[in-house]
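Please look at the sequence and the model before reading on.

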Amino acid sequence: MTDATTEMAPYAFVRKETLEQQPAPLSVAGPLAWVRQHLLSSPLNIALTLLCLYLVVDSVPGLIRFYFLDAVWTGTSRDACLADKVGRPVGACWAYIADRFQYFIYGSYPINQRWRVNIVFVMFALGIVWLLWTSAPKKKLGIFFFFVLLPISAYVLLLGGPGAERFLSICLTLALALAALYLILSFVPQLVRFYIGEAALGVVEQLPIWKRFFGPKQLVLFALVVLGFLSLLASNPGLPRVDTGLWGGMTVTFLIAAVGIVFSLPLGVVLALGRRSRLPIIQLLSVIFIEFVRGVPLITVLFMANTMLPLFVPQEYSPDRLLRPLVGVALFAAAYMAEVVRGGLQAMPKGQYEGAMSLGLGYWSMMRLIILPQALRIVIPGIVNTFIGLFKDTTLVTIVGIFDFLRTIEATLVDPTWATPTTRSTGYAFAAIFYFLCCWGMSRYSIAVEKRLAAGQKR
Amino acid sequence: MSTTSAEIKPGKASLLYDPKIRGYVYQFLLLAVVGFLIWSAASNAIENLRAQKIASGFGFWHNASGFDINQKLVPYDASSGTYGRAFWVGLLNTLLVASIGIVLSTFLGFFVGVARLSSNWIVSKIAMIYVEVIRNVPLLLQLFFWYNAVLKPLPNPRQSIELPAGALLNNRGLYVPDPQFGPGGSLIIWAFLIGIVATFVFRSWARKQQAATGRQYPTGWVGFGLIVILPVLVYFATGRPITFVYPELAGFNLRGGIQIFPEFVALLIGLTTYTAGFIAEVVRAGILAVSKGQTEASHALGLRPGPTLKLVVIPQAMRVIIPPLTSNYLNLTKNSSLAVAIGYPDLVQVFTGTVLNQTGQAVEVVAITMAVYLTISLVTSLFMNIYNKRMALVER
């Protein structure tokens, strides 16, 4: 017996070993406590919970029954969705969606030409993923693809015809000429001495031939591949002209949204720079444009594009009916984009400007190399939010007579083939799901980017 | 060292590289381009208008319009109406739906925003679902839904749905009882107005008293008495002069009562619920922006939860809330132009729609419409800026 134990002996009640950890009491942890805390914490909360439960029980089973249990999934005409023909209560008529699905996607685009739309869809998806996926390689190439090659290809593929083919051959010739130029320059870099400067030229000349002027050559090569692919398509299956009056459905919705983003972003950057400019006239003109457009509803801009644009150009150049709202939407979105970008420019610490200037960079080099890459990165969530608004606003072109997705839904609702009491609620539900998924997905993305950007500030 | 630096004089830079001169050149070029664009657009427009034989100028303002408008706040009819008159009818309809929508969406938005922050799980989840669904579906689709899928399939007037207080709902709109003021009826309205003024007077007096003596007065109860009880007393004292004309079935239609058109109802519901979704997020962000320490400090000072919310949290949250709230009000006003899609006779539907189609004077009509919306935007932001300045943090 050591000293310690004899000393401990009188205190027999002292526990010698640690106790097993007990679970928290039921009143503070576990599902029951959760219910008490989150649903029944006070008389008011109990009442609210009961009221909400009543609302849910009242509405949700009915909705589920209507859209799923009683829904009709297959069928070829309205008879499949009529209660007295089927002999049971009929809910949503999904058969109608399935039947008109192609129309919702392509509108009246000729059936044997729809592969062209599909190619554009694939390119669009590729461009979007390339730009939005943060760890995608070769971002510059992606930007070039999305903002230059994609519009050219979409124009050539969707419209087709001799005009588009002539345009394509011009682009191809241009790309070939550039390729030839770079080939020559790779062998004789001294030709660009005045452009890149004596010192940098030395660095270039150390490189093996295929690595000289690598960046621009990549762009030209990529352009050659895409344009060559297009001209292959133009020569073999051929690209007959499809009038814009036949375009419709999701194609047009995505087209308007894409045109909106492709043109509004660069234009918005220019306007934002103009608004921050120290030159008074440039600043004034930018402010007038931005505030004017933001002060009026999109509909009036669309009406203006629709009725006044044809007046402002000579009659023989009267713009296409689809082009007019596209111009309106692009200008409208540019004003909102400009404000978002301006926010980013203002958020840049002054030291960035001063640092760039002290390195001897001029205005454009400073903006291009130092300020804009940082400013645009921090306003990605704002850009995406503007884009969500733009995407929802594409529905307004319905009012000036363009067959966008919502309009195709409305058009099928007056079609007697599928005139049933439940067609309308089915069509609207389908449209709502489509828009919800697109917008909600974008907002999730913007939240994720925001979180990633805020990671540096977190403590 | 000093000799070399003295020898290097700042060389006279070429004019080509002088930033000042470059600035002038850039601005001049931009002005020239913009001027050329405007000039060519104008000359093309004049030529095209002449070719299409469309008149120009604002002479059409006084021409007879020859179309009717179903909802009008000022007297107007097809036989004697002019385009100018139609413009005012449309403008008033726009202002009507926008102002009611702003009030309703503020209430709904604050309610949903607070509900989303509720500690009650089911309440906050329902509020979240509401906000997410409303904000991610285009307004136009929602308007189509309310108008075509909810209000249109209502029964015809013979099978109207009866609502409380004698109101009837059918596919021609909502019919509410029409109050008729008998002799002495105007006294009630006067009592109501006097009650409101008196409440404000009492409130400012009570505030001064509290600042001077620390005594608190029951402003809420006094206000309730002045605004609600006083008119009711007058109503009974003057011998109940208000009677209601209830809508009744006459043939295939309803007679009597005030008819509220389904287009108006659909637009109002759509605008209110849509904007409320955005306001809810603004409110939520505003309340979350007030740090928790403020609440804790006010509790530590002995304030109960009610006064904490009223005196500490809300005044600080309002500073964050007001600027985005303003832009939501403006959005609601601008979005009311979607009325054209469901046929509510607002400014765009009447003026940019019908009048433009009849006269063909696109330039003038679109310019007037845009000027109206610009004015509304500027005036609203002016007032909200004044209010914002009053609420803003006073810094030393």
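## Basis of the model

This is a predicted model, in which local features need pLDDT of at least 70 and side-chain atom pairs count only at pLDDT 80 or more, while totals for chains, interfaces and linings use all residues. Residues are numbered from 1 along each chain as its sequence is written, chains are lettered from A and ligands numbered from 1 in the order in which they are written, and side-chain values use heavy atoms, with hydrogens and water left out.

## The interface of chains B and A

In chain B, 50 residues are in contact with 50 residues of chain A (contact means heavy atoms within 4.5 Å). The two chains bury about 4300 Å² between them, 74% of it on carbon and sulfur atoms; buried area is the accessible area (1.4 Å probe) lost when two parts are put together, summed over both. Within chain B, Gln27(B), Asn136(B) and Met370(B) lose the most area to chain A, together 15% of what that side buries.

The rule finds one salt bridge across this interface, given a side-chain nitrogen of Lys or Arg within 4 Å of a carboxyl oxygen of Asp or Glu. Glu132(B) and Arg444(A) meet in a salt bridge through their side chains (3.9 Å, N to O).

## A buried serine

Ser105(B) counts as buried because its relative accessibility is 0% (buried means under 20% relative accessible area, 1.4 Å probe, protein chains only). Not counting residues up to four places away in sequence, Ser105(B) touches Thr272(B), Thr275(B), Ala276(B), Ile279(B) and Leu332(B).

Key
Buried means under 20% relative accessible area, exposed over 50%, partly exposed in between (1.4 Å probe, protein chains only).
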